[in-house]
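Hello,

Here is the structure for your files. My notes on it follow below the entry.

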Amino acid sequence: MTFYSVSGGPFGVEPTIHAAGAFYTLLGFIIMPFVWCIPEALVTAELGSAYPEAAGGIAWVKEAFGGRTAFVAGYFTWLSGTTDNAIYPVLFYEYLMHHVAGDDDEAEDDTRGLNKLNPAPRFFLLAGTALLLSYINFRGLHIAGKMSVVICIMSMSPFIVMCVLGIPKVDASRWFETPLVPSGEVSSGLDSRGWLPLANVGNVLWRPFLNTLFWNLNDFDSAAHLAGEVDNPGVVFPSAMFLSIFLVFSAYLLPLLVGLGATESEQSDWREGYFAVIASEIGGRWLGTWTVTAAGISNLALYQSALSMGSFQLLGMAERNMIPKIFATRSRHGTPTYGILLVTFIICTLVVTDFSSLVEMLNFNYAVSLLTEYAAFIRLRVTRSDLPRPYRIPFGTLGCVFMLTPAVLTIIIIMMLATWMTWIYCGVSIVVALVMHFAQECSQGRAPAGTPDPNEGKHFAGKEESKGHY
């Protein structure tokens with residue numbers, strides 16, 4: 001399930017090639033797991049085993065910094081997940097429209113894919129899909145356990161076949177092609193300014209390149225939400241984390257090696273959904289159709305999983321008096337009614353945004369939450385050194401600081417590369433979060449927002465102790 005939360009297959013990796021070319025893309029997917037995946041997985045293994053409850057990283061932040069900071073971290077986790085959810089309908093239709101267009105040269109420009117549609121039809125198509133999927137979720141469909149394993153296999157199956165068929169056709173020299181960025185795209189990148197106006201160095205469009213890499217290689221901390229359901233987390237969690245890293249690494253790198261080496265595709269061709277065309281070129285139209293079907297299944301499952309997580313997170317925060325109690329209301333199907341409505345409303349407003357902008361916005365929100373979790377990890381190492389940890393990273397506190405430093409620095413760079421629009425979006429989000437928090441505190445005379453539950457501050461040693469905690 002951790003692999004599925006982080007990856008679910010190489011869907012959506014194509015913009016990295018478009019932004020940086022074959023060589024830097026492959027280099028990125030080889031190096032950055034050591035910078036991002038391993039530190040995040042290790043932190044999750046240690047604190048997830050120490051606090052095996054459904055609150056996950058929110059519990060760590062609350063223990064380290066208190067309820068107000070935990071609320072902000074939880075809010076940004078929820079907001080990034082909700083933004084992420086808006087990507088899946090967009091990504092599926094990009095795959096579908098690429099497959100329909102095939103390798104038609106007339107379609108190989110910036111007006112292809114969903115951008116071919118006028119704004120109104122595009123909105124109604126994507127919003128209608130989101131509403132339909134949300135209604136299915138409202139009726140009680142959840143993706144978990146063995147079903148997620150089956151969906152993972154179905155999602156990866158066309159890429160396994162593509163690799164088998166494509167390996168004999170691979171020309172390794174294509175892996176070392178350096179990027180060539182059309183001048184129009186360079187000026188476009190420079191025009192979308194943020195704190196770091198230089199968006200292009202060495203013919204690499206760093207903003208979309210790093211953002212797409214970060215989106216594809218993070219979210220290991222989501223596994224902490226399942227810690228309370230795991231027996232012997234001190235043994236199971238570290239093993240699951242490292243197995244997930246290997247699966248994520250393989251799921252991205254192998255299809256990229258074959259897709260880049262076995263076809264004569266140009267760097268400019270690689271946009272979201274282009275793997276459907278690559279599959280057709282390697283195996284035939286049937287493999288392209290299989291890839292689009294797998295994309296549909298994967299994105300449907302990811303949408304349902306993320307919607308459930310986001311709506312139930314609101315329910316849990318409402319039960320802890322962090323947000324209005326109305327979000328604790330359940331439907332007759334047991335699903336959080338108003339949580340699903342709010343998440344769906346936000347998704348419908350975001351589907352008008354293009355893929356790259358959605359990725360940038362969700363990365364920014366997730367980065368705020370992740371940096372807060374890293375800070376909580378270091379603080380707990382210092383202030384709660386006596387805390388029983390079934391699994392402990394085999395470094396001292398200073399060693400852990402050095403381990404996290406490259407990850408923190410690159411995350412800050414990604415945030416600084418963000419456009420002013422993303423900074424405004426984040427700023428407005430912070431204001432909304434603070435207003436919600438203080439309004440809830442004022443309205444709860446006897447139970448202020450973030451009121452700790454009776455178990456707060458206790459060490460949870462196993463599955464039975466963690467039941468019933470958000």
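In this predicted model, α2 passes α14 in a left-handed crossing (left-handed if the near helix is turned anticlockwise from the far one by less than a right angle, right-handed if clockwise). The axes of α2 (residues 14-50) and α14 come within 9 Å and cross at roughly 115°; axes are lines fitted to C-alpha atoms, for helices over the stretch in contact, with angles from 0 to 180 degrees between N-to-C directions. Helices are DSSP runs of H or I, at least four residues, numbered from the N terminus. On the α2 side the contact (heavy atoms within 4.5 Å) involves Met32, Val35, Trp36, Pro39, Leu42 and Val43. Met403, Leu404, Pro406, Ala407, Thr410, Ile411 and Ile414 supply the α14 side.

Leucine 253 lies in helix α9 (residues 233-261). Its relative accessibility is 10%, so leucine 253 counts as buried (under 20% relative accessible area, 1.4 Å probe, protein chains only). Beyond four places in sequence, it touches Leu26, Phe29 and Ile30.

On confidence: mean pLDDT (the predictor's confidence in each residue, from 0 to 100) is 79 for the protein, with 81% of residues at 70 or more. Where pLDDT is low, the predicted coordinates should not be read in detail.

Residues are numbered from 1 along each chain as its sequence is written, and side-chain values use heavy atoms, without hydrogens or water. Local features need pLDDT of at least 70 and side-chain atom pairs 80 or more, while totals for chains, interfaces and linings use all residues.

Regards

Methods: Helix = DSSP H or I, 4+ residues; strand = E, 2+ residues; numbered from the N terminus. Buried < 20%, exposed > 50% of the residue type's maximum accessible area, 1.4 Å probe, protein only.
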